[in-house]
Amino acid sequence: QPLMIAIDGPSGTGKSSVSKAVARALGVGYLDTGAMYRALTWWCLDQGIDLSDQAAVAREAASYPLEMGTDPAAPSVSVGGRAIDAQIREGRITAAVSQVATNLQVRALMRDKQHALMQQIASATGGVVAEGRDITTVVAPDAQVRILMTASEEARMARRSKELAVEAESTRSQIVDRDRIDSTVSQFHTAADGVVTVDTTTLNFEESVEAVLAIARG
Ligand code: C5P
């Protein structure tokens with residue numbers, strides 16, 4: 001039975017780096033579902049598609065040529081053979097991604113695609129760590145291990161500002177406003193039934209990884 005680990009939470013909790021480290025420690029694959037929404041956003045903008053045209057964006061979601069590299073030591077994202085790992089982290093994508101992610105037709109397609117990818121990765125590597133906003137509740141509610149990573153707003157803003165080398169306050173819109181919009185379609189601020197909360201406010205990176213591994217190892 002492959003080990004399925006689902007990790008949700010808002011940005012700035014350390015979710016991505018912890019998920020990758022946990023996947024490496026367990027020797028299993030890694031799926032960054034946020035990167036899939038980011039890649040779709042990049043693709044639509046590149047194709048000149050108006051993100052407010054929900055039907056047009058949903059059509060692209062069904063057909064965009066996405067390839068996810070799921071090795072946790074070197075995860076990668078490309079569309080149509082073009083690597084867009086750096087591009088999808090740009091501020092213009094971060095600012096636009098929620099508009100794509102609140103498109104319900106897009107979410108239904110992503111749910112199916114992500115569920116299938118998790119199965120594929122898990123059967124190839126013996127397991128998978130998938131992270132996002134709705135993995136524990138919608139994409140893989142059947143995962144054996146389901147974790148919600150949280151942290152105080154101050155801690156999350158401080159982490160993001162360190163990452164981007166900018167003032168903490170200037171990350172407020174990226175962190176708080178994006179969460180508010182994302183929260184309208186996914187529930188990732190409080191743990192659903194059966195989901196274990198890991199609050200990383202006072203934990204460093206290693207402690208956060210250990211906390212998740214301890215839960216995964218039961
Ligand atoms: O995790 P990351 O910040 O890269 O996610 C980018 C965006 O993708 C989120 O702000 C959210 O709009 C969307 N997302 C989502 N569901 C997921 C993962 C990400 O709606 N499972």
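This is a predicted model: local features need pLDDT of at least 70, side-chain atom pairs count only at pLDDT 80 or more; totals for chains, interfaces and linings use all residues.
Begin by selecting helix α1, residues 15–26, and look along its length: at 1.5 Å a residue, its twelve residues should span 16 Å, and the end C-alpha atoms are 16 Å apart, which agrees. Within α1, colour Lys15, Val18, Ser19, Ala21, Val22 and Ala23, which are buried. Then step past the helix to glycine 27, which follows α1 and has a positive phi, near 70°.

Next, select helix α2 (residues 33–46) and helix α5 (residues 104–125), whose axes come within 11 Å and cross at roughly 135°. The two helices are therefore oblique to each other, and their crossing is right-handed. Show the side chains at the contact, where α2 contributes Thr33, Met36, Tyr37 and Leu40, while α5 contributes Val106, Arg107, Met110, Lys113, Gln114 and Leu117. Sorted by class, this contact of α2 with α5 has six nonpolar residues, two polar ones and two charged ones.

Finally, select arginine 180, which lies in helix α8, residues 172–182. Is arginine 180 buried or exposed? Arginine 180 has a relative accessible area of 53%, and because exposed means over 50%, this residue counts as exposed.

Note on methods
Residues are numbered from 1 along each chain as its sequence is written. Side-chain values use heavy atoms; hydrogens and water are left out. Helices (H or I, at least four residues) and strands (E, at least two) are DSSP runs, numbered from the N terminus. Buried means under 20% relative accessible area, exposed over 50%, partly exposed in between (1.4 Å probe, protein chains only). Axes are lines fitted to C-alpha atoms, for helices over the stretch in contact, and angles run from 0 to 180 degrees between N-to-C directions. Angles under 35 degrees count as roughly parallel, over 145 as roughly antiparallel, 65 to 115 as roughly perpendicular and the rest as oblique. A crossing is left-handed if the near helix is turned anticlockwise from the far one by less than a right angle, and right-handed if clockwise. Contact means heavy atoms within 4.5 Å. Ala, Val, Leu, Ile, Met, Phe, Trp, Tyr, Cys and Pro count as nonpolar, Asp, Glu, Lys and Arg as charged, and the others, Gly among them, as polar. The expected span of a helix is 1.5 Å times one less than its number of residues.
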